Amino acid sequence: MQYGYVANSGASSASATTSGPAAAPSSSSSEDDDDEEEDEDEEAGGDTSSSSTGSASPVPNSYDSLEGGSYPDSLPPSNNMTNQAPPYGSYGYPSMQPAYRQGAPSHTDASPSHDLYGQSGYQQYSQPFPNLSQLSAALGGLSGVPELEVEALRPVNLLQERNLLPPRPLEAPEPNLSSDLKKVNCSPQTFRCTLTSIPQTQALLNKARLPLGLLLHPFRDLQQLPVITSNTIVRCRSCRTYINPFVTFLDQRRWKCNLCYRVNDVPDEFMYNPVTRSYGEPHKRPEVQNSTVEFIASSDYMLRPPQPAAYLFVLDVSHNAVEGGYLKYFCESLLDNLDKLPGDTRTRVGFLTFDSTIHFYNLQEGLSQPQMLVVSDIDDVFIPSHDSLMVNLKESRELVQDLLNSLPAMFNQSRETHSALGPALQAAFKLMSPTGGRVTVFQTQLPTLGAGLLQSREDPSQRSSTKGVQHLGPATDFYKKFALDCSGQQIGVDLFLLSSQYTDLASLACISKYSAGSIFYYPSFHYIHNPAQLEKFQKDLERYLTRKIGFEAVMRIRCTKGLSIHTFHGNFFVRSTDLLSLANVNPDSAFAVQMSIEDSLADSSLACFQAALLYTSSKGKRRIRVHTLCLPVVNQLSDVYAGADVQAITCLLANMAIDRSITSSLSDARHALVNAVVDLASAYKSNVSNLQQSGLVVPAVMRLFPLYILALLKQKALRTGTSTRLDERVFAMCEFKTQPLQQLMRMVHPDLYRVDNMSDQGALHLNDTLVPQPHLLHLSAERLSRDGAFLMDCGNVFYLWIGKCCSEMFIRDVLGVANYASIPPNMSHIPELETVLSERVRAFLDWLQDNRAFSSTIHIIKDDASAKANFFQHLVEDQSDSASSYHEFLQNIQQQMS
């Protein structure tokens, strides 16, 4: 199946010369591949005239036939394919048998008041834990897996064990496969399953009470990517799966599909291996040696000639926008990055500004300066002259630069307070429809005129309500309809919202949600009063303008016969039951899917999943990026638990909870999350029958699950009782649906480190730098000390908290000020000082920063500052005014179990 993601033009190049029928795949760094890509494109040009894909239809008339449908003889998955998951039972899995729903009764009040959780204090339990042979027998026998599985299944009594965090952030669990399969399996950063051992039947899955789903980051930036140019893209004739490392070769001439088990012929051309330049070894071809590959696609994979890169910028220039001051910084950033915009000689750009009227800019080559054209009839928007408004960047470059240099001053004196966003979007749609491409919208206030106008729906007195939260869904369907129209014309819409007031993001976000776009939000943005937000905006914008992009993309996910996908999460439009339409795909967006087991997998020992992303690169090449993941199938409950991926489970449940809070209610979503913990603990207790253990016992591999769920309940998207602006809550919900797992986990459960006493012991050696590796600390104030400095990594922001009695040497050597009292109140950067301590702290920070696409801001916080609240709200194990402590939460879970 093709699957949604904002994609980059291929992340590498085929640098080997074409020898024989196929070009050798090459691995190259994706950091600087623009020049290489030029060569690769010339090379790829010559021999992609046709691809024998076994497809009968010569001229496909829809993307569905173009990428190739699912099993022809099987029923389509349930048509519950909207962005909303169906309502789920007492816990969140759709369409479970009624028996599944007999969970522990949940209490009625959504945010438990303190009297619900008896008194705190750790009671001592006297029963001894069972030994391993008892445990193994209780779980139905271990299937002969080594120590790892034994450790994964070790029963952990959460009410007794206080130190649950590993010293370093959790890695993805490794599936229990042979070393040969492990070597070629898909990277967990690209493809992760909530269960690394797939249950044989739905009944076994129900018994485990864990959700089954995939988390996918299909277009992420890759250091290495084999790119394959070949006349023949080999696919299964029945289910259209791309050949991959997990197929079986019956002999040199026949291969068996690993998804539907059909036997296929090996085409003659595939007998030749371009890497070894030898004949007769199809199993050594790059497609069969790598689980992530990219094919240069032939014309069979096109509905029209590949579109050029086209970028339209839609800019709010009302008084509000001028006041906030973003326009100058946008123009500067675009001027700096014009050469780095992904594209080729065909790249087109255009600009449109709006307040109560809409302003177009004629940038036709040959003019002495840009011409502004004003359309004041916003009820019937027309395009003054199409060809001169979206222009070739190379030909009209000087006019584009003139416009960007003069734009900020043009509206300086504007007193126009109205915003005709809807009509401006309608104009953008008309401009972009002929080609498709990307529309980037900058908005600073509620739209007040014309189509799509909105009223304020936020009641500030309800921000701390524990009852429920209203208006999480859109106020009008104008923006969703607009996005679906865009998606149909291959237009993706990205939104930058820079606002100090309520802007109804719940309605505006639809323009990106359904067109596979991205959303950026800068609350209380002001270029003078909020320097940290300005810096974040500038850094985000630079990444945004220069990151890879894929146009007119579709994505499909296929899985082993017997498994079915029923709900997708992310920004996309579902075009047919299993095909995601992605007008644009970028390297920073992720997706999630929920799955069920329709038929027993008893006949197979392995289950496989394949995501295929078909897109047009910014250089105008049609490409297919394919990822294949292989996991073992198990029939013992113990093996299912041993392979559970606690972080993937948390992220999938977060996605389900966001849907639930919009389709049902926030309190419902919160209940479902609490029930997820109750269900797991009850299932583990009842199925591990001879563990007559009191306390709250879970398998070691899931020991952080209750902590992660509590952290989720305290996160902006889902919390109650803590003052939360509606737009900020909605933005947090949008983030949950689109962020890759690692970024999401840092937002839910930040990483906390002590940094004033870091040493080189256990440090990483990278290039010529030593990167210290301090241990993770539990998120509780009792782990802080007044004489230390603590770094908290929340994904998109770092906090460095300096204790009152922190050593002056650290303050001087790292912050460059004399003492604690001299630390300025809004300090937001670490100076580059030539001291051992400074180099250590910066090496550690840079290393953390390197692993993410967007740069995070840093706030230095003193122990006495009002800013301290921002830091302390992330200490999720502690009690707050409106939410329980971790220990109280565990007691509540235990109560619900009994």
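**Helix and strands**

User: Let's start with α11. How far does the helix reach from its first C-alpha to its last?
Analyst: Keep in mind that this is a predicted model. Helix α11 covers residues 421-432, twelve residues in total, and reaches 16 Å from first to last C-alpha, close to the 16 Å expected at 1.5 Å a residue.

User: And is α11 largely enclosed or open?
Analyst: Nine of its twelve residues are buried, so α11 is largely enclosed by the rest of the structure.

User: Which residues of α11 are buried?
Analyst: L421, G422, P423, A424, L425, A427, A428, L431 and M432.

User: OK, switching to sheets. In what order do β8, β9 and β10 come?
Analyst: The order is β8-β9-β10, in an open three-stranded sheet with antiparallel pairing. At the edges are β8 (248-251) and β10 (263-265), each of which pairs on one side only. On average, neighbouring strands in this sheet are turned by 35° against each other, ignoring direction.

User: How many bridges join β9 to β10?
Analyst: Three bridges link β9 (residues 254-256) to β10, and the two run antiparallel. W255 has N264 in β10 as its bridge partner.

User: Now β35 and β36: parallel or antiparallel?
Analyst: Parallel, with six bridges joining β35 (residues 797-802) to β36. L800, for one, has I860 of β36 as its bridge partner.

User: Is β36 mostly covered or mostly uncovered?
Analyst: Mostly covered: β36 spans residues 857-862, and five of its six residues are buried.

Note on methods:
Residues are numbered from 1 along each chain as its sequence is written. This is a predicted model: local features need pLDDT of at least 70, side-chain atom pairs count only at pLDDT 80 or more; totals for chains, interfaces and linings use all residues. Side-chain values use heavy atoms; hydrogens and water are left out. Helices (H or I, at least four residues) and strands (E, at least two) are DSSP runs, numbered from the N terminus. The expected span of a helix is 1.5 Å times one less than its number of residues. Buried means under 20% relative accessible area, exposed over 50%, partly exposed in between (1.4 Å probe, protein chains only). Two strands pair if DSSP finds at least two bridges between them. Axes are lines fitted to C-alpha atoms, for helices over the stretch in contact, and angles run from 0 to 180 degrees between N-to-C directions.
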